[in-house]
Amino acid sequence: MQGILLANVTTGLSLAERTVSATLTTSLCLILLFLNGIMLFTLSNKCMFQETSRYILLYNLLLGDTLQLVVSQLMYCLTSFRITLTYPACGVLVLLTNLFSRISPLVLVAMSLERYVAVCHPLRHASIMTRGNTVRAMLGMWIVCFIILLIQDLLILKFPFEQLESLQMTQPCHSIAMSLLPLTEMFDNTYSVLVFFVAGLANISSYVGIVIAARSAATDEVSAQKAKSTLLLHLVQLSLSLLSVIYPNILIVLSTLLNWVVFNQIQIFLFVCFFLLPRSLSSLVYGMRDQSLRIELYLFCCRAKGPVKAVVS
């Protein structure tokens, strides 16, 4: 049922309508990639950002989101124009999508814990959140994601591909299209539920800890308030990431309630809300809220326009 639905996601749209939707989403994607690219360049071009744990974590979050943005838009365009791939090619795209989408919740957990330590244990923050510890933690997260990816790949390889007449797929490439065995789908769903549960629990626990610490006279109220706002943002990001995971299930429910014309229009809107916009949420929010980043982004824009002598004064 899911595979049939995804294969016919654009059935109610003409070629012109599908071209317009692909063009609009691709244009938005390019704009968001430009914003993320500026943020990544800024974070990697300043020694202060390379030595501070908070910015190292933000860089990894943006890197995963940016790569996920590219792969998601590519798969959307393939679906819009009903271009089918071979199972190996689709498998590579799906595995990359899973890798980049799975790193984000883990980084958000690390960012929440970093804010908790900064507010609740300010004297120990410098010794705990060192550059070395942060880099090792990030390497560990990427390794965990690669291991999960390897397990999923091994499960996919259990499918008897040699019994197929051709490796050419009959439906557009999607993660559900590669869930060829019940065990593969069960493993993916179990991991997703576990990760989002742990990430949500860590975020909420950090928020509660900061709220309790904010009542203490020894805690900086301004820092505590900023940290609470940041953790609420992380919860929003986690929620959007979870919605992107259950996106196919949402489509199935909507397909039973709506006619195909309305359904196709809504699924385009949901794709933008669940896949495109959340991948640049960090760039937009941190670019406006963080003073150091805001100054560097302003200088970057000034350099792009011309000499920076007006800024120096």
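## Basis of the model

Residue numbers start from 1 along each chain as its sequence is written, and side-chain values use heavy atoms, with hydrogens and water left out. Because the model is predicted, local features need pLDDT of at least 70 and side-chain atom pairs count only at pLDDT 80 or more, while totals for chains, interfaces and linings use all residues.

## The disulfide

A disulfide is a covalent bond between the sulfur atoms of two cysteines; here the criterion is a pair of cysteine sulfur atoms within 2.5 Å. The structure holds one. Its partners are Cys90 and Cys173, with sulfur atoms 2.1 Å apart. The torsion about their S-S bond is about 90°, so the disulfide is right-handed. Cys90 belongs to helix H5 (residues 87-120), and Cys173 to the loop between helix H7 (131-157) and helix H8 (182-214), so the bond ties together parts that are 83 residues apart in sequence. Helices are DSSP runs of H or I with at least four residues, numbered from the N terminus.

Both Cys90 and Cys173 are buried. Buried means under 20% relative accessible area, exposed over 50%, and partly exposed in between, with a 1.4 Å probe and protein chains only.

Cys77 is in no disulfide, and the nearest cysteine sulfur, that of Cys29, is 8.1 Å away. Cys77 has 19% relative accessibility and so counts as buried.

Cys273 is also in no disulfide; its nearest cysteine sulfur, that of Cys29, is 15 Å away. With a relative accessible area of 22%, Cys273 is partly exposed.

## The largest pocket

A pocket is an open set of points on a 1 Å grid over the protein atoms alone, where a 1.4 Å probe fits, with protein on both sides within 12 Å along at least five of seven lines; lining residues have an atom within 4 Å of a point. The largest pocket holds about 800 Å³ of space, the volume being that filled by probe spheres set on the points.

Its lining has 42 residues, and His174, Ser175, Ser244, Val245 and Pro248 lie nearest the centre. H8 gives the largest share, eight residues.

## The second largest pocket

This pocket has a volume of about 340 Å³. It is lined by 16 residues, of which Arg54, Arg115, Lys226, Arg289 and Asp290 are the closest to its centre. Helix H9 supplies the largest share of the lining, five residues.

Definitions and conventions: Helices (H or I, at least four residues) and strands (E, at least two) are DSSP runs, numbered from the N terminus.
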